[in-house]
Amino acid sequence: MGSKIATDRAGVSGDSQGFRRFSPRGPFLTIRFGPFTLDLGTRQLTRGRREMHLAPKAFELLAALVVERPKVLSKAALQERLWPGTFVAEANLSNLVAEIRAALGDQARAPLFVRTAHGFGYAFCGDASTMPPPEPRPDRPPCWLEWGRRRFPLSVGEHVIGRDPDLEVSLDASTVSRRHARVVVTADGTVLEDFGSKNGTFRGDARVTSPVHLADGDDIRIGSLLITYHERPLVMSTDTQARPPTA
């Protein structure tokens, strides 16, 4: 069994292949390159104020390459990270690289950001800088998911939803994938994202195809199961109003 290796980059941890996996707890990284910003906390790629849509696995691949820059990551290590314990055709990986290049306006023959190490793997080749963490902000209001009589408290960080009994939000139903979706709680709000599940994730009647923000009372359908998101506003103290002087 390979030994764990440490890393000095926030929000990631190492494995025996030298490939850093993202920690489910922050602090999350925000990285800028060219006109783009990659936010690992909200799982968003933006260009200015415009969000560039990437499929969940394409985002994972881009994040891995950017965090490990300028190291070349082997196809085998990338496939194990994206599809752990599953055999997939190599074309699946190259299709994700093509999706990333299309979002970045990059070209394989003259790459600005993602280059191919022929016969081995891929690397991020652009100039990038990690942004300093934001100033501390008040904690998020208490929030949780409810499924029938069960309540799942949500602290700041990532919470994966699925059938796997080891998950924080474990839902034992045949229509729920082992790793179905996730909820990310930050100081800015709570975001729901589907993991490409077979039976889908819905907020209300709308299928979740990219990260969406949640509000108190939102109904979420995970496969055939209905759960509800709740949050409690922070209790503010009441200021004492000065009495007007008596005549």
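1. The chain folds into three helices and 21 strands; helices (H or I, at least four residues) and strands (E, at least two) are DSSP runs, numbered from the N terminus. This is a predicted model, in which local features need pLDDT of at least 70, side-chain atom pairs count only at pLDDT 80 or more, and totals for chains, interfaces and linings use all residues. Residues are numbered from 1 along each chain as its sequence is written, and side-chain values use heavy atoms, with hydrogens and water left out.

2. Of the 247 residues in the chain, 43% are buried (under 20% relative accessible area, 1.4 Å probe, protein chains only). The chain exposes about 14,300 Å², of which carbon and sulfur atoms supply 51%.

3. Helix α1 (residues 56-67) packs with helix α2 (residues 75-82) at an angle of about 135°, and their axes lie 10 Å apart. The crossing of α1 past α2 is right-handed.

4. Where the two helices are in contact (heavy atoms within 4.5 Å), Lys57, Glu60 and Leu61 of α1 meet Leu78, Arg81 and Leu82 of α2. By class, this contact holds three nonpolar, no polar and three charged residues.

5. Helix α2 is largely enclosed by the rest of the structure, because six of its eight residues are buried. These are Lys75, Ala77, Leu78, Gln79, Arg81 and Leu82.

Notes
Axes fitted to C-alpha atoms, helices over the stretch in contact; angles between N-to-C directions. Left-handed = near helix turned anticlockwise from the far one by under 90°. Nonpolar A, V, L, I, M, F, W, Y, C, P; charged D, E, K, R; others polar. Buried < 20%, exposed > 50% of the residue type's maximum accessible area, 1.4 Å probe, protein only. Areas by Shrake-Rupley, 256 points an atom, 1.4 Å probe, with all protein chains shown as cover.
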